[in-house]
Amino acid sequence: MKKIITFLLLLIGLNNLFAQTADPFIFSEIDKIKGEVLNIDNRGNIYIISETTLYKYSIEGKLLYSYTNNMLGRIKSIDVTSPFKILVFYEETESIIFLDEQLIPITETIDLVSKQCYSIQAAAFSTNNQIWLYDAINNDLLQLDFYFNKINKIHLNFSNLQPLQLLFISSKNLILQDATSGILFFDAFGTYLKTLPIIAENIMQIDESTISYLKDNNLHLYNYIKMDEEIIPLSIEKAKQTVRYRDKLIVLQENGTVLISK
């Protein structure tokens, strides 16, 4: 009898484990907005880019603030490394503006061309108040201070880069996610370190140890320090991008719907 009970308990445990692995999340929809890009800060606030508007939500899915500037066109990307100095980059008008935690501008609109920065395709903000730009014409990384004075220029020996994002991690690494080469790592001074050949069509979430990305409707969590990977199947079809915060998963679908796990 004891052996039978033990076997049944083991079978139930395996069934529960399989169920958790196959469908670990239950989702609800955030509002009715049509998102294009997701981001999340170190406090768990969710940011959604929708054409010319930036929305900020709590981790529970409550709308906190929004920001729109139709004069600058569509928002290409944001950097929320510092939640109190949010960098908003407009590629079409070659402009940058900084917002505070309530998405209120704290700087004037910065015209990059007037700062002799041309054909910028990606922008990032570091914790030491420095701005990094990728110059597509000259294939250069530009390092500037907060007042857009140039500190350094690093020429890259890579051809045909198609940057999806540029970001700074923990004052240690500058990272360029490229659509064709993968993830390029640089040190805090812009010196090239290595490339991880992880390719994704959309922006990945990258932190001090883990790269989170979608592939074949699975969530891949690659720990590039330990060099191991966890793969979590998702029941959501046509998922485009994900961001994580602790036990929460936020998913952007191809039709712009944003879902948050309960």
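Reader: What makes Asn-39, Ile-40, Val-80, Leu-167 and Ile-206 stand out in the largest pocket?

Author: They lie nearest its centre, among 36 lining residues. This is a predicted model, where local features need pLDDT of at least 70, side-chain atom pairs count only at pLDDT 80 or more, and totals for chains, interfaces and linings use all residues. Numbering runs from 1 along each chain as its sequence is written, and side-chain values use heavy atoms, with hydrogens and water left out.

Reader: Why is this called a pocket?

Author: Because, on a 1 Å grid over the protein atoms alone, a pocket is an open set of points with protein on both sides within 12 Å along at least five of seven lines, and a lining residue has an atom within 4 Å of a point. This one has a volume of about 760 Å³, counted as the space filled by probe spheres set on the points.

Reader: Which strand gives the most to that lining?

Author: β14, with seven residues; a strand here is a DSSP run of E, at least two residues long, numbered from the N terminus. β14 covers 163–169, and β2 (37–40) and β22 (239–245) are also among those supplying at least two lining residues each.

Reader: What about the second largest pocket?

Author: About 350 Å³ of space lies there. Of its 17 lining residues, Glu-201, Asn-202, Leu-214, Lys-215 and Ala-239 lie nearest the centre. β19 (210–215) and β22 each give two or more residues to this lining. So β22 takes part in both linings.

Reader: What does Leu-133 touch?

Author: Beyond neighbours within four places in sequence, Leu-133 is in contact (heavy atoms within 4.5 Å) with residues including Ile-96, Leu-112, Asp-140 and Leu-166.

Conventions. 1 Å grid on protein atoms, 1.4 Å probe; cavity = no way out; pocket = protein on both sides within 12 Å on 5 of 7 lines; lining within 4 Å. Helix = DSSP H or I, 4+ residues; strand = E, 2+ residues; numbered from the N terminus.
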